[in-house]
Amino acid sequence: MNGKADPRAAGEVTTRTRLERGRGALGPALELVHTGRAPTRAVLTAELGVTRATAGAVAAELEALGLIRIDAKPSAAAGSQGRPSHRLSVAEDGPVALAAQVHADGFRAALVGLGGRTVATAPGCETVDADPAQVIGSVVDAGAQLLRETGRRCVGAGLAVPSAVAEPEGTALNPLHLAWPAGAQVREIFTERVRAAGIEGPAFAGNDVNLAALAEHRHGAGRGARDLLCVATGHRGVGGALVLDGRLHTGSSGLALEVGHLTVNPEGRPCHCGSRGCLDVETDPLAFLTEAGREPGPEGLLVQARALLRDAYGGPAAGDSAVRSGGHPAVRSAAEALIDRLGLGLAGLVNILNPDRIILGGLHRALLEADPERLRAVVADRSLWGRSGSVPILACTLDHNSLVGAAELAWQPVLDDPLGALG
């Protein structure tokens with residue numbers, strides 16, 4: 001022994017000390033990389049408010065957990081000076097969450113990694129059994145098969161359903177467009193089926209539009225918004241969601257933002273809620289097809305409604321086809337009626353909520369893209385805040401955003417405490 005300190009041991013102690021100091025930053029750091037807000041170690045250091053050494057130790061721990069990748073020798077941008085900061089990205093071969101969705105026209109399962117990346121999907125089914133246990137079991141089995149095929153580690157599972165999900169019970173309070181009984185114990189059923197399939201990690205269930213809004217806020221058109229309003233119509237009905245300061249606002253028992261039951265046409269169609277002329281029955285795909293004088297076809301209401309709208313407002317070939325078929329004027333008139341009703345509903349929501357951004361999904365996204373000026377004009381004319389300062393109205397950008405949002409439920413415990421969840 002020569003009495004000299006081992007520099008390697010000293011370095012290990014220093015690294016451990018830095019990591020202990022930064023351990024509370026693991027979750028925030030992972031969320032920054034997960035949402036694309038920290039593409040480099042320099043940005044991570046600034047966002048966390050820690051030293052560069054501590055940020056480096058935190059990033060190294062997340063890489064050791066298999067969650068992120070660090071590129072220590074990135075290429076310098078043209079014209080830049082100095083050594084470029086280490087680049088950070090989610091691990092493409094890392095763990096996944098099982099995401100499942102049930103809607104009026106079928107169900108689908110997927111594996112979703114960090115960053116909202118869809119790793120694998122199972123073909124959707126076009127029939128939904130009246131027994132929730134039967135259909136939930138089928139979609140979990142499809143997800144379990146994906147896990148076997150990919151060999152990925154699973155952090156948990158999330159389920160999106162077209163119903164308000166009451167908390168803390170996890171019951172589907174009003175699955176109006178499914179043949180399920182009111183109050184179906186969807187979270188309990190989903191958890192049991194996940195366990196029976198041998199899938200580890202927690203299981204969650206939530207409303208499909210809430211989850212779409214969460215996914216869009218983290219990875220899509222809602223990124224960067226403080227108060228984000230999402231309104232969407234999928235296969236049947238209309239849903240809404242509000243994200244405040246990065247968190248879903250679900251109310252005292254999970255039932256907030258049932259925007260589908262705003263009245264936009266007092267003399268309109270009877271609604272399932274007992275009222276008339278609600279957004280739910282005046283601006284969904286069935287309403288559009290009915291307004292245009294078309295019978296629902298076998299391909300699914302949303303698919304058929306989008307195709308019809310595309311034929312009326314698409315490129316020259318689609319437009320010529322629509323004109324030759326004689327359906328163009330009726331389809332355009334129907335679309336304009338739905339846009340006006342949707343704009344009226346959005347204006348009321350703007351008056352109440354004062355969001356800094358609105359995003360639209362499903363058929364509503366297609367209506368916005370078909371005639372954005374008309375929709376924005378209706379909202380501006382009929383809302384107090386719309387007159388004083390327009391609210392940006394954007395289209396959702398993620399494919400299968402409810403599935404991505406269901407995965408976000410399963411990822412949340414990992415984002416909160418990576419070591420506790422995976423260490």
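Predicted model: local features only at pLDDT ≥ 70, side-chain atom pairs only at ≥ 80, totals over all residues.

The second largest pocket is lined by 20 residues, and those nearest its centre are Glu167, Leu211, Leu248, Thr250 and Leu409. A pocket here is an open set of points on a 1 Å grid over the protein atoms alone, where a 1.4 Å probe fits, with protein on both sides within 12 Å along at least five of seven lines, and lining residues have an atom within 4 Å of a point. Two or more lining residues come from each of strand E9 (203-207), helix H7 (208-219), strand E12 (247-248) and helix H16 (401-416), where helices (H or I, at least four residues) and strands (E, at least two) are DSSP runs numbered from the N terminus.

Residues are numbered from 1 along each chain as its sequence is written, and side-chain values use heavy atoms, with hydrogens and water left out. The mean pLDDT, the predictor's confidence in each residue from 0 to 100, is 88 for the chain, and 88% of its residues reach 70 or more.

Turning to the helices, Glu47 sits in helix H3 (residues 41-48) and touches Leu32 and Arg37, leaving aside residues up to four places away in sequence, with contact meaning heavy atoms within 4.5 Å. On the H3 side, Arg41, Leu44 and Thr45 meet Arg52, Ala55, Gly56 and Ala59 of H4.
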